[in-house]
Amino acid sequence: MMRYRGLALALMLLFAGTAPQTGTAQRPAPTVLRVTVDVPGAQEVHTPREYNRAIALRYFSVGTSAPRAVLVLIPGLNSGPNTLDILARELVVHDPTIEVWAAGTRGTLLQDRRGITAALAYEDPDFALGYYYGGLAIDGVKYAPLTDTAAYFAAYWGLDVHLRDVRALVEEAHRRYPTARVFLGGHSLGGILAALYAGYDFGRLPDPQAEVATDPRGRPVPSMDAGDRDIAGLVLLDGLPLSVIPRLTSSQYLEGIHIPLFPSIPGVRQLLGIGGHAGPFADIDSVAHPKDSILLDIITTYAYFWPQRASRLPFYPRGAGQAITNEALLAGVLSDQTQPDLFIRASIGVPVGIFERVPDPWSINRNGLLKMSTGRPAPGRALVEWTPYPKDPPPGHVDLRRLESAILEPGADFTQWYVPWRLVLDLGLSAGLDTSDEFSRGFASLTQVRHTTVPILILGAGQGLIRTARQTAFYLSRIETPAAEVRVRILPGLTHLDIENADDNPAVPEILDWVDGVLH
């Protein structure tokens, strides 16, 4: 076994959430620890026992007794628990009487992080590159991509399995802390899943033969096992059910979606090997690419350990032989000044170099985006470099170095390598927020949304997904939570990733103030 020598990195990660000291009279900021919660999850019958687990990263203050509240947060699409690391630490630093649990999907258990672990242990990113791309053996193991047959059981990992895994975590929080209030939330798709959890009937297993109890008007009646009975409130961060998400027909759900010039989405029949075959995990631009997730980790290790060295990685956005630093290569992938994908933008600074400009497909940056692949060094410089926050004009919100630490935090990942197609299909089937019809009830038990009554905090990112309060109308019009118990705030200037990774994050006091109000 390798001996871990990355003591400096470990200490920095451990204390990443502590606040700076500003005076001798100020009480020291609490030390935030992170440990893994691992409990039995949904007992899906086709899945090996070791993968029927529910996992989370628990953030808590050292020396604090039982918390008064636990906030369970679900990461977004193609996102791992490490996306919530900075936010979780800040919440606990500012209020040590709460714990934050960052949930991880069971797909996390399939991710082979040996290369990243070795890079951190030896403080040498070449271990990551060598393991995933060079055939380097670590502890006698060589990396091999996960095959479809090796994870055939993931074809059954749909909405029901995901939500029951979350419920296992909620129940564990209640078991550990009987007097604490448990809140549920999420970022992006995680916010959608949290809202669906509140409206899910956990007392009913999906079954076309199991009818849904209805009132004289044919509407589902309240269930004692509805998700909102488990929680004290919802915290939805730049994500909640939206009207723009199309609902799948029964034919699309079973047979798949095939649109010319667009990637095909397999149906349930293909996933189960009935009349065709498709792998259980998404591998398309709009959902997830396992290779892209691995590349992000590799690029981050080089940016963290050798930030100012010339990159020799051939991956986008470096292009063929582009002269660029390792840190600028990573930042070019994530920056709101360069990244066309709205969902992976962070305000982390600007590149130093000469670039072409291209239109912003989301029309947020009026001057357009810098096209990183066209970049060349500024006059008098040998490399395209990066001006990090907070020195950059315009001012950024996210400290790139701190974000690198969160991405590489041991024990989890910033991205979700494996996103099950079954979950994508079930979300499409559930887009209308009611699966009580004869077909849909065989695959999900989302029958309680209209009976949701818990308090709700919705925080939108002004440059992210939820940019106006109007976007909340679809969901709020379909639940029974009184308007007085719904708080909506749009945080101007924040991108989709800023709302969970920003320094001096305005989401932190908003969340803590709202939680305090619910508790009192």
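Tutor: In helix α12, the buried residues are Trp421, Arg422, Leu423, Leu425, Asp426, Leu427, Gly428 and Leu429. Buried here means under 20% relative accessible area, exposed means over 50%, and partly exposed lies in between (1.4 Å probe, protein chains only). The model is predicted, so local features need pLDDT of at least 70 and side-chain atom pairs count only at pLDDT 80 or more, while totals for chains, interfaces and linings use all residues. Residues are numbered from 1 along each chain as its sequence is written, and side-chain values use heavy atoms, leaving out hydrogens and water.

The helix spans residues 421-429, and eight of its nine residues are buried. Helices (H or I, at least four residues) and strands (E, at least two) are DSSP runs numbered from the N terminus. The cover over the buried residues of α12 includes α5 (159-176), α6 (189-198), α7 (250-255), β10 (265-266) and α8 (268-271), where contact means heavy atoms within 4.5 Å.

Elsewhere in the chain, Gln111 lies in the loop between β4 (98-104) and α3. Gln111 counts as buried because its relative accessibility is 10%. Setting aside residues up to four places away in sequence, Gln111 touches Asp413, Thr415, Gln416, Trp417 and Tyr418. Trp417 is also among the residues touched by Tyr132, along with Asp112, Arg113, Arg114, Gly115, Ile116, Tyr143, Ile294 and Ile298, again not counting residues up to four places away in sequence.

Tyr132 and Ile348 have the most contacts inside the largest nonpolar core, a group of 53 residues. Such a core is a set of buried Ala, Val, Leu, Ile, Met, Phe, Trp, Tyr and Cys residues joined through side-chain atoms within 4.5 Å. At least two residues of this core come from each of α3 (114-122), α4 (126-133), α9 (290-305), α10 (326-334), β13 and α11 (400-408). Helix α9 gives the most, with nine residues. A second, separate core has 50 residues, including Tyr177, Ala194, Leu234 and Phe474. In soluble globular proteins, nonpolar side chains tend to be buried together.

Strand β13 holds Leu370. This residue counts as buried because its relative accessibility is 12%. Apart from neighbours within four places in sequence, Leu370 is in contact with Gln337, Thr338, Pro351, Phe355, Glu356 and Arg357. From C-alpha to C-alpha, Leu370 and Val350 are 9.1 Å apart in space and 20 residues apart in sequence.

The loop between β12 (354-358) and β13 (369-376) contains Trp362, which counts as partly exposed because its relative accessibility is 34%.

Finally, the chain as a whole. It has 15 helices and 16 strands. Its radius of gyration is 23 Å, close to the 24 Å that the globule rule gives for 520 residues, so the chain is as compact as a globular protein of that length; the radius is taken over C-alpha atoms, and the rule is 2.2 Å times the number of residues to the power 0.38. The C-alpha trace spans about 80 × 65 × 50 Å along its principal axes. Of the 520 residues, 58% are buried. Among contacts between residues at least 6 apart in sequence, 74% join residues at least 24 apart.
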